[in-house]
Amino acid sequence: MIDRNTVQQILDAADIVEVVSDFVSLRRRGSNYVGLCPFHNEKTPSFSVNKARGICKCFSCGKGGGPVNFIMEHEKLSYYEALKYLAAKYNIEVKEKELTQEERNAMSRRETMLAINDFAMKHFQKNLTDTDEGRDVGLSYFRERGITDESIEKFSLGYSMDSRDDLFNYLHNTGGFDTDAIFETGLCSKSNFGDTGFDRFKGRVMFPVFNVAGKIVAFGGRTLKNEPAKYVNSPESSIYNKRNELYGLFQAKRAIVEKDKCFLVEGYTDVISMHQSGICNVVASSGTSLTDGQIRLIHRFTNNVTVLYDGDSAGIKASLRGIDLLLAEGLNIKVLLLPEGEDPDSFARSHSASELNEYIAQHETDFISFKTAILLDGAERDPIKKSAVISDIVRSIAIIPDRITQSVYARECSVALEIDEKLLVSEINKVVLKNKEKDFEERQKQKREEEKQQYPIAEDKSSDNRKDENPAIVAPSKILGRINKLVLYEQEIVRLLVRYAMMEYSGEAPLSEKLDSNYTVAEYLFEEIEADGLQFSSPVYDKVATAIRGMLDEFQTALSEKIASLNELYVAERNAGIDKIRNEAITNIAEIEIAESNLENELRIRQKERMKAFRNDYVASRFVSHQDADLSSIAVDMLSEKHKLSKIYKKDGALIEECDRIGELVPRALNNWKNAIITSRISEIYEQLKDNNIPQNEVEQLIIELQQLNSLKIQFASVLGERVVLPKSK
């Protein structure tokens, strides 16, 4: 457990923009920041981060929360684990006792596997520097490749001893980890002789693979012997999906954002050598073809990608299709072809940073032009091959989302391919249309599959295999009509509570002039709800209201402390202000009095704003990072605004904020809810009266209740301003 003060210290330190920026490239848009959602695939940013409120939310998929909730969702961590993650990020000490063997076994499997990988990495590092074999074999190899001590530390490089079970014994005996979890990481494989294991990477130099959050999810090991498999990589597991990881991204993400560009290479040493040459915005696909998941990772941080190809690479044509995926994601792609006989590793080691940057600037070219030149080579005089090249280029241009970019490429390629531009555009449009139809069919298919899972139809076990005429579960469209409409009105009550529960409430004025006023919006609403015996039909909204009710006593204590601290601050600022005025050598007493009066007014306004902010943020700041997922989710929904509301001004031009209209909005929301309850009950009574089998005495009681309700509805109509339009008399 983490004590409450430490938790609050973590929450106070965690800046939502800083936390999200570790995973997403954010750009300022008004008072918020926006970026591509890390929780689903999108090409247009819909992920919004509000620094002032400390929340983030995707207006497409709906996911978001405070810093803790974001880390929980993104890294699949528990609330406790997410707090530890943020504590480490902000260098906040979390005192914990040493885990016992039983507690290790009780750790979540994911957390255990990550701990095993971290334990193994430190063992490999120790092997490299503290053993004769590690120094003679592993360290010598890194030295030969020109890898510096700084890079060895930066990328946590190591060495796995050339022993059958050195790592297994260390993890199991010294680390005390569960053998099944060790095998699941892929570091070791189970032996056929008892409950023992043997090391997968024995006798290899080790390259840890970090995910974007800095957790070690896998390893790559290179043999220094003459073996068929030069590189061996960790198998996929619950913590490692090679399609969604890029080597070096953790070390490169800051540089990628700063440069707004990412270099894409193939191998581990390519990344390390380019870092040593001063180019840090580089990642590697680790020898695999590019995948959608890897591309989405890059797109979170930049729109610009340059792919580096070996000068003598025979597989350029084979890799072009993978680069098409980058175009489909809406990225700006350039290609850099290195001199013959060079790869990124050798080229970076033999050139200075300035020489490398100069070569990149002079030789990188856009992908479509590069692909056209590569495919046309040898096909210029062969009509069949040239036709195939044109079709390939058309498919590449067609998957580019931006129509203007498509048009520019069509014009340039028409010249290079010696084909009429209108014909090329026509073919591109055909492919675009076909792709859209295909995407639509796939989405519909996926939607049907999801509906099948969400609304399964019971298997028909009848002998004649006839369909069940009265299935227990109906289609989603049939369910929509049964939604409780009262929830919409309850939602507005809860929204006002989450946003303004502890704000001062007065029916006469939106805000009291006194700092020590204790009557809050929450108290007003709860008194009204209790007086009329109202209840929330939504269990989640009821939970929110109950949680806020439980904060009232705590708030009064916090309010007293806040008033005391503000009064101290007021005195300190007043004294400092008066000293400044009197040190300005003003000799006119009238001017001094005016300056001091202005200072008093300014300080009073500043005090009111500080108290207003304290009250306004009290509930929200506790909910957005709450351990209860329901409270956190509701708070984020209620605080997030997809569209900025229009400003309301007084006649004198002063801006009126929503929190300044509490005296108007809160009673209206409450009356709307009450009116909706009455309307709903009236509808129920009319439905009951349609039943001819109910006893006469019940009919009379229902009619009396109906008359009372209609009378109340008329009263609410006058309050809410509803109008009844009667037909004109003939």
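**Helix packing and selected residues**

In helix 6, the residues Thr112, Met113, Leu114, Ile116, Asn117, Ala120, Met121, His123, Phe124, Asn127 and Leu128 are buried. Here, buried means under 20% relative accessible area, exposed means over 50%, and partly exposed lies in between (1.4 Å probe, protein chains only). The structure is a predicted model, in which local features need pLDDT of at least 70 and side-chain atom pairs count only at pLDDT 80 or more, while totals for chains, interfaces and linings use all residues. Residues are numbered from 1 along each chain as its sequence is written, and side-chain values use heavy atoms, with hydrogens and water left out.

The protein as a whole may be described next. Its secondary structure comes to 29 helices and 18 strands; helices (H or I, at least four residues) and strands (E, at least two) are DSSP runs, numbered from the N terminus. Of its 730 residues, 43% count as buried. Among contacts between residues at least 6 apart in sequence, 67% join residues at least 24 apart, where contact means heavy atoms within 4.5 Å.

Helix 6 covers residues 109–130. At 1.5 Å a residue, its 22 residues should span 32 Å, and its end C-alpha atoms are 31 Å apart, which agrees. The expected span is 1.5 Å times one less than the number of residues. The axis of helix 6 comes within 11 Å of that of helix 9 (residues 166–174), and the two cross at roughly 125°. Helix 6 is therefore oblique to helix 9. Axes are lines fitted to C-alpha atoms, for helices over the stretch in contact, and angles run from 0 to 180 degrees between N-to-C directions. Angles under 35 degrees count as roughly parallel, over 145 as roughly antiparallel, 65 to 115 as roughly perpendicular and the rest as oblique.

Helix 6 passes helix 9 in a right-handed crossing. A crossing is right-handed if the near helix is turned clockwise from the far one by less than a right angle, and left-handed if anticlockwise. From helix 6, Ile116, Phe119, Ala120, His123, Phe124 and Asn127 meet Asp166, Leu167, Tyr170, Leu171 and Thr174 of helix 9. By class, this contact has 7 nonpolar, 3 polar and 1 charged residues. Ala, Val, Leu, Ile, Met, Phe, Trp, Tyr, Cys and Pro count as nonpolar, Asp, Glu, Lys and Arg as charged, and the others, Gly among them, as polar. Thr174, which lies in helix 9, counts as exposed at 53% relative accessibility. Leaving aside residues up to four places away in sequence, Thr174 touches Phe119 and Asn169.

A second pair of helices follows. The axes of helix 22 (residues 486–500) and helix 28 (residues 662–689) come within 9 Å and cross at roughly 155°. The two helices are therefore roughly antiparallel to each other, and helix 22 passes helix 28 in a left-handed crossing. Helix 22 contributes Leu486, Tyr489, Glu490, Glu492, Ile493, Leu496 and Tyr500 to the contact, and the residues from helix 28 include Ile662, Leu665, Trp673 and Ser680. In this contact there are 13 nonpolar, 2 polar and 2 charged residues.

Helix 22 and helix 28 also meet helix 23 (residues 521–531). The buried residues of helix 23 are Val521, Ala522, Tyr524, Leu525, Phe526 and Ile529, and they pack against helix 22, helix 24 (539–549), helix 25 (552–582) and helix 28. Just after helix 23, Gly533 takes a positive phi of about 65°.

Two further residues have a positive phi. Most residues other than glycine have a negative phi. Asn91, although not a glycine, has a positive phi of about 55°. Asn91 lies in the loop between helix 4 (79–89) and helix 5 (101–106) and, at 73% relative accessibility, counts as exposed. Asp260, also not a glycine, has a positive phi of about 55°. The loop between helix 11 (249–259) and strand 12 (262–265) holds Asp260, which counts as partly exposed at 29% relative accessibility.

Finally, Ser633 and Asn69 are 564 residues apart in sequence and 9.0 Å apart in space, C-alpha to C-alpha. Ser633 belongs to helix 27 (residues 629–639) and is partly exposed, with a relative accessible area of 39%. Asn69 lies in helix 3 (residues 67–75) and is buried, with a relative accessible area of 10%. Not counting residues up to four places away in sequence, Asn69 touches Gly64, Val624, Ser625, His626 and Ser632.
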